[in-house]
Amino acid sequence: WLLQVDRLKIDGRLAAGLLVNLAASICIVFLNKWLYVRLGFPNLSLTLVHFALTWLGLYACQALGAFAPKRLRARQVLPLALSFCGFVVFTNLSLQSNTIGTYQLAKAMTTPAIVLIQSVAYGKSFPLRIKLTLLPITLGVFLNSYYDVKFSPAGMVFAALGVLVTSLYQVWVGAKQHELQVNSMQLLYYQAPMSSAVLLCIIPFFEPVFGEGGIFGPWTLSAVIMVLLSGVIAFMVNLSIYWIIGNTSPVTYNMFGHFKFCITLLGGCLLFKDPLSVNQGLGILCTLLGILAYTHFKLSEQEGSKSKLAQRP
């Protein structure tokens, strides 16, 4: 009986963690889009708020013993901090300029970009079946973007830059974690304040600071609350991702990610009246099938590696 009670508690915590991640991941996309479309809140300034609140949240977590910070030199983290700024800023600009469907599908191009970077720059080889799954992903993103009635050349440029910088960041994060022997939260604990400082220096050259449209402009109380809420949700997204990965299998996390992908696309159509043509629907389906196939093959590959290690004497 006690074992059943313990199992129920574990399942309850897992369900709560998945629900928090689902709600936070979807809310952050729609809330940011609302801040851009309805309030016209400046992009870099919103990113600065996200970085600052993420660092404050991580500071509270380490103070409560959730993780132990590891001392790192500034020059070790600076390249990551710069790429961290770039990928969040360009991703948010993509969200600001594109429909949610195009924004969400463009993010799927990160997978082919990472494979390309690792193949060209790091000499890593990938099985043919993995490479083949990248074709429907790329084709699906192209179909959706080409037939998007709200097509924006600037939006496509921001989406492409977002994919490129995000891919570089993810590759560098993996390399830096291995090189410095730190986990994601320890690295982010140093990245977030450094990225905030970089943006603080850049913002005056691209966005107003005071007055109409500036971060310290005459915003209403409700607007300030929504911006701060966006920052808190951004922190919750990061924290819940680490918790889910640490407490579930990769299959659970990846399948849950595909579910969020579909919900976000549907929400964009319902909440922001983003039109969706038949060809766009085919593009979305094509991309989703490619992502599912890629995930299946990668997880099979990981399981095969674990089995080989377990069989060694």
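**Exercise 1. Find the helix that holds F142, and decide whether F142 is buried, partly exposed or exposed.**

Solution. F142 lies in helix 6, which spans residues 128-146, where a helix is a DSSP run of H or I with at least four residues, numbered from the N terminus. This is a predicted model, in which local features need pLDDT of at least 70, side-chain atom pairs count only at pLDDT 80 or more, and totals for chains, interfaces and linings use all residues. Residues are numbered from 1 along each chain as its sequence is written, and side-chain values use heavy atoms, with hydrogens and water left out. The relative accessibility of F142 is 49%, so F142 counts as partly exposed; buried means under 20% relative accessible area, exposed over 50%, and partly exposed in between, with a 1.4 Å probe and protein chains only.

**Exercise 2. Describe the surroundings of N43.**

Solution. Begin with the position: N43 belongs to helix 2, residues 43-63. Next comes the cover: N43 is buried because its relative accessibility is 4%. Leaving aside residues up to four places away in sequence, N43 touches Y36, V89, N92, L93, Q96 and E207, a contact being heavy atoms within 4.5 Å. With E207 the separation along the chain is 164 residues, while the C-alpha atoms are 8.6 Å apart.

**Exercise 3. Identify the largest nonpolar core and the elements that build it.**

Solution. A nonpolar core is a set of buried Ala, Val, Leu, Ile, Met, Phe, Trp, Tyr and Cys residues joined through side-chain atoms within 4.5 Å. The largest one has 50 residues, and those with the most contacts inside it are V29, L58, F84, L187 and L199. Two or more residues each come from helix 1 (2-39), helix 2, helix 3 (74-97), helix 4 (100-107), helix 7 (153-180), helix 8 (184-206) and helix 9 (221-247). Helix 3 gives the most to this core, namely ten residues. Apart from this core lies another, of eight residues, among them F126, L134, I291 and Y294. In soluble globular proteins, nonpolar side chains tend to be buried together.
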